[in-house]
Amino acid sequence: MDAAATDQPKVNLYDLNRQELGDFVARLGEARYRAKQIWTWMYTQRVDRFQAMTNLPRATIAKLKATATLGSLGLVAMQQSRDGAEKRIFRLRDGQLIESVLMPYDDARMTACISSQAGCAMGCVFCATGQMGFGRNLTAGEIFEQTMVFARELAARGERLSNVVFMGMGEPFHNYDASLEAVRQLMTRLRVGARHITVSTVGLAPQIRRFADEDLQVNLAVSLHQTDDARRSALMPVNRRWAIDELMNACHYYVEQTNRRITFEWAAIAGENDTADEAHRLGRLLSGLLCHVNIIPLNPTGNYGGVPAQKATIKSFSRILSGYGVGSTVRVRRGIDIEAGCGQLITVVTRRSPIDSRGLRQGDASA
Ligand code: SAH
Ligand code: SF4
């Protein structure tokens with residue numbers, strides 16, 4: 001073995017693209033065609049250990065084991081909800097914990113809800129992840145691997161991962177490059193179609209514009225939840241940085257550039273944002289924009305006292321919206337009994353590692 005000395009941290013092969021894998025294999029002193037074989041084992045056969053790469057010589061496997069890892073997520077716990085949602089808690093290499101959820105739908109869709117960060121710096125008061133604070137950004141490989149784990153499990157039972165939503169822990173646009181790289185990996189490595197991928201943002205206006213210019217067919221969801229700046233800022237501190245006007249301008253830009261429909265998420269909270277007045281304001285705000293509203297009755301979280309809006313209230317809210325030509329659906333609540341619902345994902349952040357302190361500086365929303 002040469003340059004890839006053993007005292008270096010092991011390389012997570014999911015973090016490497018095809019070219020980088022070729023370079024890595026060359027540095028190990030192996031023929032370049034080995035990279036092609038490894039790539040096929042990783043993304044066609046989707047094996048989870050080097051030993052399963054049976055056409056590699058034993059010495060090559062030993063070198064790989066000494067210098068690299070095939071993924072880096074350690075499964076800590078699995079939980080299954082009564083409604084079929086399955087939650088996984090993973091430990092990252094530095095001890096941080098993240099969560100991912102698999103949700104089966106009646107129409108045979110299998111949707112993975114994945115995390116882009118350990119914790120979240122955005123501090124939305126109704127969200128358990130926001131309440132726990134920010135750990136660090138995930139690498140593209142760490143984001144991607146969450147889907148690979150589900151894809152493997154599904155394949156073993158004759159099923160297929162069909163959809164991926166970036167709605168787990170973290171704000172994907174606060175970790176823009178890694179999230180976008182993971183989106184591309186999903187498309188090329190797991191063959192999930194762009195139209196079956198949704199990135200959800202709290203409303204980072206500059207990144208929405210950047211996303212609009214990516215020339216991708218990926219869906220965009222924007223968490224709105226309020227139409228009034230003061231009230232939205234109280235729920236979602238990010239609104240102090242990019243107020244509703246600026247956010248909506250970015251959304252209009254996105255639709256003009258992509259001709260794609262935006263989904264606005266609305267966590268319906270009794271007395272807070274479920275009134276008829278609020279529905280009229282939202283209708284006026286969104287009228288004429290190519291969009292759809294997803295109404296999610298608030299899921300309970302530890303440090304927020306709000307209660308979910310009533311079914312009947314949501315129904316009339318939705319009816320008022322349609323008067324403005326704005327379509328809406330009520331999202332079925334999933335995984336509540338295992339705390340896998342929207343905004344319920346929470347794990348303990350290990351704050352002492354050096355990566356954390358770097359991450360906390362990056363955590364400035366204006367970054
Ligand atoms: N950070 C991104 C994506 C993760 S959150 C974002 O905020 O969009 C995924 C969705 O769950 C968001 O729409 C968020 O507003 C919503 N959410 C957060 N907490 C919730 C709760 N307690 N009940 C219902 N939805 C919630
Ligand atoms: Fe972060 Fe999204 Fe939760 Fe807000 S709702 S704290 S942006 S994960």
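**Figure 1. Ala118 is buried, with a relative accessible area of 0%.** Buried here means under 20% relative accessible area, exposed over 50% and partly exposed in between, with a 1.4 Å probe and protein chains only. This is a predicted model, in which local features need pLDDT of at least 70 and side-chain atom pairs count only at pLDDT 80 or more, while totals for chains, interfaces and linings use all residues. Residues are numbered from 1 along each chain as its sequence is written, chains are lettered from A and ligands numbered from 1 in the order in which they are written, and side-chain values use heavy atoms, with hydrogens and water left out. Look for Ala118 in strand β7, residues 117-119; strands (E, at least two residues) and helices (H or I, at least four) are DSSP runs, numbered from the N terminus. Leaving aside residues up to four places away in sequence, Ala118 touches Leu92, Gln96, Leu97, Ile98, Phe134, Gly135, Arg136 and Leu138, where contact means heavy atoms within 4.5 Å. Gly168 is 50 residues from Ala118 along the chain, and their C-alpha atoms are separated by 9.7 Å.

**Figure 2. Two arginines in helices: Arg34 in α2 and Arg184 in α6.** Helix α2 covers residues 33-45, and helix α6 covers residues 176-189. Arg34 is buried, at a relative accessible area of 12%, whereas Arg184 counts as partly exposed at 33%. Beyond residues up to four places away in sequence, Arg34 touches Val25, Asn55, Leu56, Pro57 and Thr60. From C-alpha to C-alpha, Arg184 and Leu216 are 9.3 Å apart in space, and they are 32 residues apart in sequence.

**Figure 3. The largest pocket has a volume of about 750 Å³.** A pocket is found on a 1 Å grid over the protein atoms alone, as an open set of points with protein on both sides within 12 Å along at least five of seven lines; a cavity is a set where a 1.4 Å probe fits but cannot get out, and lining residues have an atom within 4 Å of a point. Grid points are joined across faces, edges and corners, and a volume is the space filled by probe spheres set on the points. Of the 30 lining residues, Tyr105, Arg109, Met167, Asn294 and Arg331 lie nearest the centre of the pocket. Strands β5 (97-104), β6 (110-113), β9 (163-166), β11 (219-223), β13 (291-297) and β14 (327-330) each give two or more residues to this lining. The lining divides into 14 nonpolar, 11 polar and five charged residues. In this grouping, Ala, Val, Leu, Ile, Met, Phe, Trp, Tyr, Cys and Pro are nonpolar, Asp, Glu, Lys and Arg are charged, and the others, Gly among them, are polar.

**Figure 4. The structure holds one cavity of 30 Å³ or more.** About 500 Å³ of space lies in the largest cavity. Its lining has 32 residues, and Phe126, Cys127, Ser223, His225 and Gly343 lie nearest its centre. At least two lining residues come from each of α4 (128-132), β10 (197-201), β12 (262-268) and β13. By class, this lining has 17 nonpolar, 13 polar and two charged residues.
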